[in-house]
Amino acid sequence: MNKSTLAGTSIAVAAAAGAGSTASAKQVPLWYARLRKPRYQPPNVAFPVAWTTLYTDIATTSAVAIDRFRATGQHDKARHYIAALGVNLILNGGWSWLFFRYHKLGASAVGAAVLTASSADLVRRTAEADPRAGLALSPYALWTGFATVLASHVWWLNR
């Protein structure tokens, strides 16, 4: 794997994570604690563990996919992959703003669904470049799918 590609994907992922985390103001924990949540809501400690793992996975598998496309002369696919990754990371960071900063539960459920579709597309693109990397990225699409169900249920419980 090319170190500069990995550095680029890592910086992009860190920027998305940072943008999302800035949406969590000091008053958010109190607001979030007051929300009604379904029984299958994971404990709060699960989220930073899951997201740290997923962000590492996104950066690594994306670097593999981009490098593989470039190595096989598929530069258009590499550029399209980079664009799809950028859109995905914007959606990823933006979800936290919808939910935590603006408290838009319905919009965040829709945003989670769009993020899930984007994540599934990223898995597909990654698998096209390298099937093992696509398989390694698949937990991201599964997690965002779960997040869509969870966000939708939280919205329904608190409408």
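**View A. Contact of helix α1 with helix α3 in the predicted model**. From α1, the residues T5, L6, T9, S10, V13 and A17 meet a set in α3 made up of Y55, I58, A59, T60, S62, A63, I66, D67 and R70. By class, this contact of α1 with α3 comprises eight nonpolar, five polar and two charged residues. The axes of the two helices, α1 and α3, cross at roughly 140° and come within 8 Å. The crossing in which α1 passes α3 is right-handed.

**View B. Packing of helix α1 against helix α4**. Helix α1 spans residues 3-21 and helix α4 spans residues 75-101; their axes lie 7 Å apart, at an angle of about 20°. Angles under 35 degrees count as roughly parallel, and α1 and α4 are therefore roughly parallel to each other. Helix α1 passes α4 in a right-handed crossing. On the α1 side the contact is made by T9, A12, V13, A16, A19 and G20, and on the α4 side by L85, L89, G93, S96 and W97. Seven nonpolar and four polar residues form this contact of α1 with α4, with no charged residues.

**View C. Packing of helix α5 against helix α6**. The axes of α5 and α6 are 8 Å apart and form an angle of about 170°. Because angles over 145 degrees count as roughly antiparallel, α5 is roughly antiparallel to α6. The contact of α5 with α6 contains 19 nonpolar and eleven polar residues, and no charged residues.

**View D. The largest pocket and its lining**. The space in the largest pocket amounts to about 800 Å³. Its lining consists of 33 residues, and F47, W51, W95, S96 and F100 are those nearest the centre of the pocket. At least two lining residues are supplied by each of α1, α2 (28-34), α3 (46-71), α4, α5 (105-129) and α6 (131-157). Helix α6 provides the largest share of the lining, with seven residues. By class, the lining of the largest pocket has 21 nonpolar residues, eleven polar residues and one charged residue.

Key
Residues are numbered from 1 along each chain as its sequence is written. This is a predicted model: local features need pLDDT of at least 70, side-chain atom pairs count only at pLDDT 80 or more; totals for chains, interfaces and linings use all residues. Side-chain values use heavy atoms; hydrogens and water are left out. Axes are lines fitted to C-alpha atoms, for helices over the stretch in contact, and angles run from 0 to 180 degrees between N-to-C directions. Helices (H or I, at least four residues) and strands (E, at least two) are DSSP runs, numbered from the N terminus. Angles under 35 degrees count as roughly parallel, over 145 as roughly antiparallel, 65 to 115 as roughly perpendicular and the rest as oblique. A crossing is left-handed if the near helix is turned anticlockwise from the far one by less than a right angle, and right-handed if clockwise. Contact means heavy atoms within 4.5 Å. Ala, Val, Leu, Ile, Met, Phe, Trp, Tyr, Cys and Pro count as nonpolar, Asp, Glu, Lys and Arg as charged, and the others, Gly among them, as polar. On a 1 Å grid over the protein atoms alone, a cavity is a set of points where a 1.4 Å probe fits but cannot get out, and a pocket is an open set with protein on both sides within 12 Å along at least five of seven lines; lining residues have an atom within 4 Å of a point. Grid points are joined across faces, edges and corners, and a volume is the space filled by probe spheres set on the points.
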